[in-house]
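Hi,

Here is the structure I promised to send over.

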Amino acid sequence: MKSSFFNCLKDSNIIKNSEYNYNKISTDTRTIQKGDFYIPLKGENFDGEKFIETAVEIGACGFMTVNSETAKKYLNDTRIKTLILVPETRAAYMELAAKRIEEIGCTVIGITGSSGKTTTKEMVNAVVSAEFRTWKTKLNHNNEIGFCQTVFEAPDNTEVLIIEMGMRGLGEIELIAQYAKPDIGIITNVGTAHIGRLGSQDNIAAAKCELTKYIKPDGIFIANNNELIKKHSEFSGRTKYYSINDVTIQEQHVGYSRFEYEGYEYELPIEGAHNIENSLAAINTGLFLGMSQKSVRKGLRSFETIENRWNVEKIGGYEIINDSYNANPESMKATVGTVLDTYRSPVLVLGDMGELGNDSGKYHAQIGEFINSHPKITPETVVLTVGELSKEISKKITNCVTKNFENITQAAEYILKNKNIGNILFFKASRSMKFEEIINKIREKGEI
């Protein structure tokens with residue numbers, strides 16, 4: 001990255017900019033290396049400006065700052081090749097990311113949604129990488145800083161850049177989208193995740209649809225066939241809505257789905273109607289990019305789940321399904337329904353769902369009602385709930401065995417002491433519940 005790269009910054013004062021080739025941009029002095037350019041970000045609990053001296057001592061050859069006194073201090077320092085005074089470092093970082101996208105010249109795909117966006121991102125990557133060199137957001141690093149990091153980690157020869165966009169409030173998707181300027185925008189669905197912050201599903205839809213303001217005119221908007229999305233979409237170009245109702249499921253069992261969509265047959269190495277629905281976004285993305293049906297099908301078959309998202313592991317005589325990375329009412333019903341449809345007499349280990357606001361109890365109770373009325377529920381089915389909110393799930397269950405625990409330690413102890421409750425353990429909760437610790441305790445006692 002040449003020093004001239006920084007000339008794109010608006011409203012900045014480039015105090016010093018000698019000819020120099022930087023290794024990379026760094027925002028963390030714990031990982032910074034000699035020859036890097038340092039951007040000191042600021043958040044609620046940290047201030048990167050305090051670590052400028054550390055960055056320079058380690059070997060940063062340039063940095064930006066909001067402090068004119070800091071700039072003066074290093075003006076004549078021969079170690080510093082580039083020195084830039086900016087109004088706000090986060091905005092400058094995003095400007096540079098936009099410039100980097102332009103420099104690479106890649107197709108940009110932006111993905112958001114109340115649930116399923118990370119799975120959809122992985123499916124899109126599986127499909128598109130069958131014909132293109134792709135780069136994607138790591139894990140769920142889906143805020144504006146994760147966006148910038150993804151962009152700067154992308155190789156020069158990247159052809160398709162896949163950006164996951166998360167949000168907790170209004171304006172956050174828009175912030176990322178205005179710099180990403182996607183060619184393809186995808187909204188997986190609109191549910192109740194973050195309803196505690198946004199107040200209503202209508203507001204959630206409005207927040208998600210901020211993405212549509214910045215899709216390129218010759219691009220495409222691919223979205224779940226949802227009336228709230230249609231209401232708030234601001235994209236007037238090519239649009240493709242999809243739904244599980246567009247699909248004929250031909251075969252489905254543990255670790256496999258085969259279905260027909262718009263006259264073509266596809267296979268997916270995972271079960272669940274919600275996963276099939278997510279795959280439709282990936283299929284339509286591949287087709288828009290001009291991929292052959294053969295390549296799309298091949299890519300979809302190569303899809304792999306990521307950590308804590310429908311991971312299947314055998315421990316002793318038990319099969320553990322870990323889908324505990326996150327949870328909201330829609331994803332909880334979808335995944336629980338898939339387990340009940342696929343397995344006989346499973347053990348459902350369910351925890352609290354966060355950020356649901358004043359109606360949290362009601363949403364948890366609805367999960368209990370959903371389970372209790374499910375056609376595949378049997379008296380042998382076991383539902384273990386963990387947490388005060390999840391107690392509302394157990395209260396609504398009368399057609400099978402249920403028990404509530406105050407914490408994950410109690411739940412783990414119960415499972416380890418009651419070896420005959422079932423041979424399928426399904427874990428689902430919000431990330432804050434730390435359900436992986438229950439699984440780790442079971443793994444330590446692998447003889448169960």
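Below are my notes on the salt bridges and on one helix.

Before you dig in: this is a predicted model, so local features need pLDDT of at least 70 and side-chain atom pairs count only at pLDDT 80 or more, while totals for chains, interfaces and linings use all residues. Residues are numbered from 1 along each chain as its sequence is written, and side-chain values use heavy atoms, with hydrogens and water left out.

Salt bridges first. Side chains of opposite charge can pair when their charged atoms come close. I counted a salt bridge wherever a side-chain nitrogen of Lys or Arg sits within 4 Å of a carboxyl oxygen of Asp or Glu. That rule gives 32 salt bridges.

One of them pairs K231 with D202, with 2.8 Å between the closest N and O atoms. K231 belongs to helix α9 (residues 227–232) and D202 to helix α8 (residues 201–208), so this pair ties together parts that are 29 residues apart in sequence. (Helices are DSSP runs of H or I with at least four residues, strands are E runs of at least two, and both are numbered from the N terminus.) For accessibility, buried means under 20% relative accessible area, exposed means over 50%, and partly exposed is in between, using a 1.4 Å probe and protein chains only. K231 is exposed at 54%, whereas D202 is partly exposed at 25%.

Another salt bridge links E265 and R258, whose closest N and O atoms are 3.3 Å apart. Here E265 is partly exposed at 40%, and R258 is also partly exposed, at 21%.

R431 and E436 meet in a salt bridge too, at 3.1 Å from N to O. R431 is partly exposed at 36%, but E436 is buried at 18%. There is also a network: K121, E122, K136 and E164 are joined by salt bridges that share partners.

Now for the helix. Which residues are buried in helix α11 (residues 293–301)? They are Q293, S295, V296, G299 and L300.

Cheers
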